[in-house]
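This report walks through a few features of one structure, taking them step by step. Please look over the sequence and the model before reading on.

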Amino acid sequence: MFWTRRNWMTLAAAAGFVAVAAGAFAAHGVRDPKAQEWLRTGATYGFVHAMATLACAIFMQVGARRARFAPAFFLSGVALFSGSLYALALGAPRWLGAVTPAGGALFLIGWAVLAWAARGVDPGQA
C-alpha cells in the first residue's frame with residue numbers, strides 16, 4: 001500500500017524542504033512586500049504541518065492507529081494553502097487565492113483527526 005508511515009514521513013520531509021526554501025526565497029529573492037508576506041505565511045503553515053505529519057508517525061508508534069488518516073489532510077492542506085500562496089507570490093492570477101481557505105479547512109480537519117486519534121492512546125488509563 002502506498003500510504004505507509006515511511007511514505008508519509010518522506011512527503012513530510014519534502015514539504016519541510018519546500019517550506020524552508022520558500023521562506024529563504026521570501027527573505028532573499030523577492031522585493032515585493034505582498035509576495036514576501038504570502039511566501040512567509042505559506043512557508044510557516046507548510047512547515048508546521050510537515051512537522052505535524054511527522055508527529056503522526058509518533059502517534060501511530062504509541063498506539064494511536066487512527067493518526068494514519070491525518071497526514072492526508074495535513075499534506076493536502078499544504079498543497080492547497082501553501083501552494084496557492086506560493087503561486088500568488090510568483091504571479092498567479094488572484095482568483096487562485098480562493099483555493100487558500102480550502103487548504104485551511106483541510107488543516108483543521110487534520111487536527112481534529114489527530115485529536116480523535118489521541119483518544120486511542122492508553123485507552124484503559126484515566
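Predicted model: local features only at pLDDT ≥ 70, side-chain atom pairs only at ≥ 80, totals over all residues.

Residues are numbered from 1 along each chain as its sequence is written, and side-chain values use heavy atoms, with hydrogens and water left out.

## Helix α3

Helices themselves are DSSP runs (H or I, at least four residues), numbered from the N terminus.

Helix α3 also has a kink of about 30 degrees, centred on Gly83, where the bend is the angle between axes fitted to the seven residues ending at a residue and the seven starting there. Just after α3 comes Gly91, which takes a positive phi of about 105 degrees.

The whole structure holds 5 aromatic pairs, a pair being two rings of Phe, Tyr or Trp (its six-membered ring) with centres within 6.5 Å, called stacked if the planes are under 30 degrees apart, edge-to-face if over 60, and tilted for the rest. One of them joins Tyr45 and Phe81 in a tilted arrangement, with 4.8 Å from centre to centre and 45 degrees between the planes. Because Tyr45 lies in helix α2 (residues 33-61) and Phe81 in helix α3, this pair ties together parts that are 36 residues apart in sequence.

Phe81 also pairs with Phe107, and since the centres are 5.4 Å apart and the planes are at 55 degrees, this pair is tilted. It links Phe81 in helix α3 with Phe107 in helix α4 (residues 100-118), 26 residues apart. Phe107 counts as buried at 4% and Phe81 as buried at 12%, whereas Tyr45, at 39%, counts as partly exposed.

Ser82 is found in helix α3, and at 1% relative accessibility it counts as buried. Leaving aside neighbours within four places in sequence, Ser82 is in contact (heavy atoms within 4.5 Å) with Gly42, Tyr45, Gly46 and Gly77. A polar atom of the Ser82 side chain lies 3.4 Å from the backbone nitrogen of Gly46.

Pro101, by contrast, counts as exposed at 55% relative accessibility, and this residue is found in helix α4. Pro101 and Ser84 are 17 residues apart in sequence, and their C-alpha atoms are 9.7 Å apart in space.

## The salt bridge

How many salt bridges does the structure hold? There is 1, where a salt bridge means a side-chain nitrogen of Lys or Arg within 4 Å of a carboxyl oxygen of Asp or Glu. The side chains of Glu37 and Lys34 meet in it, at 3.8 Å from N to O. Side chains of opposite charge can pair when their charged atoms come close.

Both Glu37 and Lys34 lie in helix α2, 3 residues apart, which is about one turn of the helix. An α-helix has 3.6 residues a turn, so residues three or four places apart point the same way. Glu37 counts as partly exposed at 41% relative accessibility, and Lys34 is partly exposed too, with a relative accessible area of 37%.

Notes: Helix = DSSP H or I, 4+ residues; strand = E, 2+ residues; numbered from the N terminus. Buried < 20%, exposed > 50% of the residue type's maximum accessible area, 1.4 Å probe, protein only. Polar contact = N/O pair within 3.5 Å; in protein donor to acceptor, adjacent residues only side chain to side chain.
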